[in-house]
Amino acid sequence: MEILCVPQGQFRLERYPYNKNLRAWDAADEYLLQYFATEIAPALDSSASLLLLNDSFAALATALHDYSCSFWTDSWLSIKALEQNSKLNSCANKVEVFYSTELPDQEYDVVIIKIPKTLALLEDQLAKLQPLLSENTVILAAAMAKNIHRSTLALFEKYIGATTTSLAKKKARLIFSVLDKNLPQSESPYPVTYRLEGSDYLLSDHANVFSRGKLDIGTRFMLQHIPASARYRNIIDLGCGNGVLGLVAAEKNPRAELLFIDESCMAIESARINFQQAFAASRKAEFKLNHALEGIEPDSADLILNNPPFHQQHGISDSIARQMFRQAKKVLRPGGELLVIGNRHLGYHLALKKLFTSCEVVASNKKFVILRAVK
Ligand code: SAM
């Protein structure tokens, strides 16, 4: 287990899900905590309130747990990391959690933002933050320098006011922004809505949803191969994004019950809205914030649809996809099917062939392959 050493103390931190090869913090967290200790903390009293955004594995919430912290996040994995790292470090204060689809309801003394991977999420957050800020609010952001672009700073200038950056330290940089009360209040441009091609379905995507505002080309290919059968009583859309795969599966399998799963609050909320818009109360479906299929009843599904994530934070990784495949084997009933789409070069067929009784190619094109694995 790795130890984060910062002026606030030494903290044992783990990622969620556990990954022995990857640390639960980055140099931007360290820079931010050092700056906080020398430049911000001396002027704060112990009752100061802090709002933390996008604290992926709760490194900031753990190190700053002496303050009254709120944790605003789109990620279920970060909420699980918060629970786990608070326990590991015996943090006494309870951190208040707000999902990205909720609004914190108070003014804060300090707002700390880790720059998210999706610029649209940052824009949505800054637009929603604006009314909670005063000229006295300290606003501090951080990221690895390569992830801070002109467009990132332009959003701070648009929604907050004058914005500057620090020198780089271990390839990380801080961003300082001060509220300009004369800036006009701008609403978040999200969610965005579009019509699913060849259908009457309206899809609404919150800011952090995969392929927001347009159908992804891989998803489009998968939609052409969603199967229909009276055997499918329970269908899971695993890593559902806006839920379009499950929605079309529901249409093709009118008697099936659907379970939508994603680790993004915005994805789950978008999937819920899109399903209700399509079927109103006529269809039964459940929408679950979850890490992959963790805790889902074994032998409970007949068909699992999966366009798995191939990124974790800013890096490319298939470790979540592989975890999803392993768990799918447990959750499927005997004879149940896992339908997976992936870029050809990802080689998912190798992992699936090891796990399942059979694995065949359903369709392929220049970029993608669709595989069906049967339990
Ligand atoms: N199914 C949608 C589609 O085809 O348009 C979205 C597919 S996108 C490639 C992968 C999805 O997996 C994203 O919505 C992402 O939030 C979700 N995801 C990533 N990690 C996850 C995890 N650990 N558990 C559940 N969902 C996860």
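**A serine and its surroundings**

Mentor: Start with Ser100. Leaving aside neighbours within four places in sequence, Ser100 is in contact (heavy atoms within 4.5 Å) with Trp72, Thr73, Asp74, Lys128, Cys265 and Met266. Keep in mind that this is a predicted model, where local features need pLDDT of at least 70, side-chain atom pairs count only at pLDDT 80 or more, and totals for chains, interfaces and linings use all residues. Residues are numbered from 1 along each chain as its sequence is written, and side-chain values use heavy atoms, without hydrogens or water.

Where does Ser100 lie? Ser100 belongs to the loop that runs between strand S5 (96-99) and strand S6 (110-114). Helices (H or I, at least four residues) and strands (E, at least two) are DSSP runs, numbered from the N terminus. The relative accessible area of Ser100 is 3%, so Ser100 is buried (under 20%; over 50% is exposed, in between partly exposed; 1.4 Å probe, protein chains only). One of the residues in contact with Ser100 is Asp74. The two side chains make a polar contact at 2.5 Å (N or O atoms within 3.5 Å, one able to donate a hydrogen and the other to accept it; residues adjacent in sequence count only if both atoms are side-chain atoms).

Helix H8 spans residues 265-279, and its partner here is helix H7, residues 244-252. Leu247, Ala250 and Glu251 are the H7 side of their meeting. On the H8 side are Asn274, Phe275, Ala278 and Phe279.

Now look at H7 itself. Seven of its nine residues are buried, so H7 is largely enclosed by the rest of the structure. The buried residues are Val244, Leu245, Gly246, Leu247, Val248, Ala249 and Ala250. What covers them? The cover includes two helices, H6 (217-223) and H8. It also includes strands S11 (202-205), S12 (234-238), S13 (257-262) and S15 (301-306).

Arg15 sits in the loop between strand S2 (9-13) and helix H1 (27-40). The side chain of Arg15 reaches the backbone oxygen of Arg23 at 2.7 Å. Leu82 is 67 residues from Arg15 in sequence, and their C-alpha atoms are 9.5 Å apart in space.

Conventions:
Axes fitted to C-alpha atoms, helices over the stretch in contact; angles between N-to-C directions.
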